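Let's take a walk through this structure together. Have the sequence and the 3D view open, and we'll go from a single residue out to the whole chain and back again.

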Amino acid sequence: ATIHKVHTLLCGLLDLYQEIRPGSANPPRQVKFGKYFPKRAPKREINFLTPEELEQLYVVAARSHQRLLLPLVKFLANTGMRRGEALNLKWTDSC
């Protein structure tokens with residue numbers, strides 16, 4: 001729904017621009033939602049770890065030979081980031 005609203009807004013803004021500058025393009029009008037975006041978001045149950053499960057995970061991660069595993073697991077658990085989001089972080093992303 002959010003993507004559709006933003007698309008509609010962009011189309012409207014560029015329609016106004018086309019009135020000011022006839023012949024200019026309106027690329028958002030070329031986007032076909034059925035091809036790029038599903039009609040509905042997939043529904044799935046999101047399972048959160050309980051505090052006890054998190055503690056068990058911390059204990060196992062602390063025993064690991066990988067010294068950065070525990071800080072990474074705590075970082076993910078406390079920020080709610082997905083694994084891929086955390087792995088794509090760069091130093092330039094920090095303040």
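**Starting from a salt bridge**

Glu-85 is partly exposed, with a relative accessible area of 38%. On that scale, buried means under 20% relative accessible area, exposed means over 50%, and partly exposed is what lies in between, using a 1.4 Å probe and protein chains only. Arg-82 counts as exposed, at 58% relative accessibility. The side chains of these two, Glu-85 and Arg-82, meet in a salt bridge, at 3.3 Å from N to O. The term stands for a side-chain nitrogen of Lys or Arg within 4 Å of a carboxyl oxygen of Asp or Glu. In general, side chains of opposite charge can pair when their charged atoms come close. How many salt bridges does the structure hold? The count is 1.

A quick word on where this comes from: the model is predicted, so local features need pLDDT of at least 70 and side-chain atom pairs count only at pLDDT 80 or more, while totals for chains, interfaces and linings use all residues. Residues are numbered from 1 along each chain as its sequence is written, and side-chain values use heavy atoms, with hydrogens and water left out.

Now zoom out. The protein chain has 5 helices and 0 strands, and reading along the sequence gives the pattern α-α-α-α-α. Helices (H or I, at least four residues) and strands (E, at least two) are DSSP runs, numbered from the N terminus. Of the 95 residues in the protein chain, 9% are buried. The accessible surface comes to about 9,100 Å², and 60% of it belongs to carbon and sulfur atoms; such areas come from the Shrake-Rupley method with a 1.4 Å probe, and for residues only the protein chains shown count as cover. Take contacts, meaning heavy atoms within 4.5 Å: among those between residues at least 6 apart in sequence, 13% join residues at least 24 apart.

Next, go to helix H3, which covers residues 51-63 and includes Ala-61. Is Ala-61 buried or exposed? At 5% relative accessibility, Ala-61 counts as buried. Leaving aside neighbours within four places in sequence, Ala-61 is in contact with Leu-69, Leu-70 and Val-73. Pro-71 is 10 residues from Ala-61 in sequence, and their C-alpha atoms are 8.8 Å apart in space.

Tyr-58 is found in helix H3 too, and at 13% relative accessibility it counts as buried. Beyond four places in sequence, its contacts are Leu-70, Val-73, Lys-74, Ala-77 and Asn-78. Look at Lys-74 here: its charged end sits over the ring of Tyr-58, 5.4 Å from the ring's centre. For that label, NZ of Lys or CZ of Arg must be within 6 Å of the ring centre and within 35 degrees of the ring normal. Tyr-58 and Lys-74 are 16 residues apart along the chain, with 7.5 Å separating their C-alpha atoms.

Last stop: helix H1, residues 2-20, where Leu-16 lies. Leu-16 is partly exposed, at 48% relative accessible area. Together with Val-6, Leu-9, Leu-10 and Leu-13, Leu-16 makes a nonpolar surface patch of about 460 Å². Patches are made of residues with over 30% relative accessible area and no salt bridge; like charges are joined within 9 Å, and nonpolar side chains (Val, Leu, Ile, Met, Phe, Trp, Tyr) within 5 Å.
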